[in-house]
Amino acid sequence: MRVLPEQVTIGFSAATGQNGERHTLQSWEFSSSLDINRKHGNESKKNKIIVGVSVSAGGLLIAGVILALLISRGRKRIRTRREAEATGIASINEDLERGAGPRRFSYEELVSATNNFSEDRKLGQGGFGAVYKGYLNDKDMAIAVKKFSRGSKQGKKEYITEVKTISQLRHRNLVQLIGWCHDRSEFLLVYEFMPNGSLDYHLFGKSRPLAWAVRYKISLGLASALLYLHEEWEQCVVHRDVKSSNVMLDSCFNVKLGDFGLARLMDHELGPQTTELAGTLGYLAPEYVCTGRASKDSDVYSFGVVALEIASGRKAADSIQQKSGVSLVEWIWDLYGCGELQMGIDKKLLTEYNEKEIECLMIVGLWCAHPDCKARPSIRQAIQVLNFEAAIPNLPPKMPVPMYCSVTSPAVTSTEASITKIKKIQIVNGNSNFISLKKSKLIQKV
């Protein structure tokens with residue numbers, strides 16, 4: 001009596017936003033200790049009728065809305081399931097949705113976030129697709145959306161590998177996967193947005209040169225990411241495509257290693273496994289080119305090449321102008337043998353660098369890019385030297401030349417080139433950029 005007016009109407013309602021949910025009214029009862037006068041008897045009966053009709057109508061309305069939502073949701077699930085089965089990836093849906101990591105996006109959400117994948121939002125173009133900048137209004141955050149080329153079987157394979165691998169990894173120096181989508185025969189991955197782009201843009205582009213302190217921090221961050229992948233996670237992850245364009249930089253120039261489409265999981269106890277040869281020429285270890293066996297050692301080789309790029313400001317795949325046909329690794333090694341490492345330092349640094357650190361980084365880069373995989377350090381050993389916790393190694397003044405003969409290698413999967421029908425290979429000066437082939441064919445891809 002103190003709260004309600006003399007006459008009230010009671011009903012039920014429920015709402016769950018965009019999601020459908022089943023509600024069932026099992027029972028409902030109303031009682032009161034209030035004595036009702038006879039003169040209000042007719043009004044009481046009338047009120048009971050109103051309440052009964054209202055509750056019934058409300059219940060039917062809610063049931064109808066819920067039924068419509070369930071039917072709509074069921075149809076969407078059936079359509080998604082058929083699309084997944086048609087693309088051969090139905091098996092990963094349950095695994096991903098069951099986890100607490102990346103979320104599933106609808107294609108419409110990502111179309112809206114990227115302004116229908118407009119050209120002015122494009123951040124870059126790779127071998128299997130393009131990357132676009134997007135914005136999630138509900139989370140108030142910028143994102144990077146990787147859209148794989150439609151109909152690309154290799155792109156689909158890379159998508160599945162990347163989703164399954166990187167969704168399980170958590171490290172401060174790895175790009176965070178926010179979500180995924182494979183609706184309407186499209187394959188899309190959603191990452192945290194990196195405001196400072198990739199390392200290669202700052203080393204070889206027209207941006208302001210990176211300060212030496214930043215470069216050294218980047219080399220340590222990349223090494224830390226590889227240490228986690230190789231030794232600190234429950235399985236060994238071989239990245240297989242470590243290069244400067246896959247080293248992303250956040251707003252504070254912290255390293256975020258990305259692009260796990262070529263990555264492979266291995267048990268820590270097992271040795272190198274034979275895989276389809278994949279990666280980018282200039283960063284491929286010579287033994288990997290010849291045997292097709294990806295390993296932690298082949299990742300360390302790639303790290304060594306990136307370390308030399310950071311110190312010299314030169315691309316791994318470009319011939320050095322002073323000596324035509326000579327790779328970056330061989331050129332730096334020649335300077336090391338002559339005691340003139342300072343000649344290989346990036347001219348854009350001028351004199352604003354730490355001599356001890358830059359010499360250390362260049363020697364560690366050569367050590368990691370040693371042509372003989374057995375002479376390379378583990379990434380943990382490289383970190384110890386970079387932190388000056390261990391002595392800088394003494395390398396031979398002339399770069400060794402290993403020989404690999406009578407080996408049949410699988411095809412190279414790369415955004416730059418493929419090498420097929422290899423019967424005999426000699427690695428010239430230990431660098432995969434310069435390969436002497438007998439009965440072989442070099443196919444350039446556009």
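Tutor: Rings of Phe, Tyr and Trp (its six-membered ring) pair if their centres lie within 6.5 Å; planes under 30 degrees apart count as stacked, over 60 as edge-to-face, and the rest as tilted. The model is predicted: local features need pLDDT of at least 70, side-chain atom pairs count only at pLDDT 80 or more, and totals for chains, interfaces and linings use all residues. Residues are numbered from 1 along each chain as its sequence is written, and side-chain values use heavy atoms, without hydrogens or water.

The structure holds three aromatic pairs. In one of them, the ring centres of Tyr107 and Phe117 are 6.1 Å apart and their planes meet at 35 degrees, so this pair is tilted. Tyr107 belongs to helix 3 (residues 107–113), while Phe117 sits in the loop between helix 3 and strand 2, so the pair ties together parts that are ten residues apart in sequence. Here helices (H or I, at least four residues) and strands (E, at least two) are DSSP runs, numbered from the N terminus. Both Tyr107 and Phe117 are buried, where buried means under 20% relative accessible area, exposed over 50%, and partly exposed in between (1.4 Å probe, protein chains only).

Trp212 and Tyr216 also form a tilted pair, with 5.7 Å from centre to centre and 40 degrees between the planes. These two residues, Trp212 and Tyr216, are four apart, about one turn, within helix 6 (residues 212–232). Trp212 has a relative accessible area of 4% and is buried; Tyr216, at 6%, counts as buried as well.

Back at Phe117, ring pairs join Tyr107, Phe117 and Tyr132 into a cluster. The ring of Phe117 also has a charge above it: the charged end of Lys147 sits over this ring, 4.3 Å from its centre. A charge sits over a ring if NZ of Lys or CZ of Arg is within 6 Å of the ring centre and within 35 degrees of the ring normal.

Strand 2 is joined to strand 3 (residues 129–136) by three bridges in the antiparallel sense, and Gly124 stands opposite Val131 of strand 3.

Strand 3 and strand 4 run antiparallel and share eight bridges. Across from Gly134 stands Ile143 of strand 4. The hairpin of strand 3 and strand 4 has four residues between its strands, and in it Asp140 takes a positive phi near 55 degrees.

Strand 4 (residues 141–148) has six of its eight residues buried, so the rest of the structure largely encloses this strand. Strand 4 is also antiparallel to strand 6 (residues 188–192), with five bridges between them. One of the residues of strand 6, Tyr191, is the bridge partner of Ala144.

For the setting, the protein chain has eleven helices and 16 strands. Of its 446 residues, 46% count as buried.

Conventions
Two strands pair if DSSP finds at least two bridges between them.
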